[in-house]
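Please open the structure in your viewer and keep the selection tool at hand.

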Amino acid sequence: MREQAPYLHRGHGGAYDHVLILTLDYVQEGGQWVGVCLELGTSTFAESLETVRQELREAVALQL
């Protein structure tokens with residue numbers, strides 16, 4: 001499964017000044033789901049798709 005995820009950046013005035021569209025890829029391997037942000041190389045794994053989606057989005061936000 002692949003999705004495009006927008007990430008918004010706020011400038012000094014509080015207004016959004018940049019938008020990044022990142023590609024998040026999800027694959028089930030054995031009993032685990034693996035999620036990878038293709039542009040950043042950030043990855044995570046979890047037992048459910050919903051959990052891996054949430055954890056990957058949090059990891060990407062922290063990296064940015």
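In which helix do Arg53 and Glu50 both lie, and how many residues apart are they? Select the two residues in this predicted model: both belong to helix 1, three residues apart, which is about one turn of the helix. Arg53 and Glu50 form a salt bridge, with 3.8 Å between the closest N and O atoms. Glu50 is exposed, because its relative accessibility is 53% and the cut-off for exposed is over 50%.

Glu3 makes a salt bridge with Arg53, and here the closest N and O atoms are 2.9 Å apart. Glu3 lies in strand 1 (residues 2-10) and Arg53 in helix 1, so this pair ties together parts that are 50 residues apart in sequence. Glu3 counts as buried at 13% relative accessibility, whereas Arg53 is partly exposed at 22%.

Now select Arg57. A salt bridge links Arg57 to Glu3, with the closest N and O atoms 3.2 Å apart. Since Arg57 lies in helix 1 and Glu3 in strand 1, the pair ties together parts that are 54 residues apart in sequence. Arg57 is partly exposed, at 32% relative accessibility.

Display Glu3, Glu50, Arg53 and Arg57 together: salt bridges with shared partners join these residues into one network.

For the last stop, turn to the surface and select Leu8, Tyr16, Val19 and Ile21. These residues form a nonpolar patch with about 410 Å² of accessible area together. Strand 2 (residues 16-29) gives the most to this patch, with three residues; Ile21 is found in strand 2.

Key:
Residues are numbered from 1 along each chain as its sequence is written. This is a predicted model: local features need pLDDT of at least 70, side-chain atom pairs count only at pLDDT 80 or more; totals for chains, interfaces and linings use all residues. Side-chain values use heavy atoms; hydrogens and water are left out. Patches are made of residues with over 30% relative accessible area and no salt bridge: like charges are joined within 9 Å, nonpolar side chains (Val, Leu, Ile, Met, Phe, Trp, Tyr) within 5 Å. Accessible areas come from the Shrake-Rupley method with a 1.4 Å probe; for residues, only the protein chains shown count as cover. A salt bridge is a side-chain nitrogen of Lys or Arg within 4 Å of a carboxyl oxygen of Asp or Glu. Helices (H or I, at least four residues) and strands (E, at least two) are DSSP runs, numbered from the N terminus. Buried means under 20% relative accessible area, exposed over 50%, partly exposed in between (1.4 Å probe, protein chains only).
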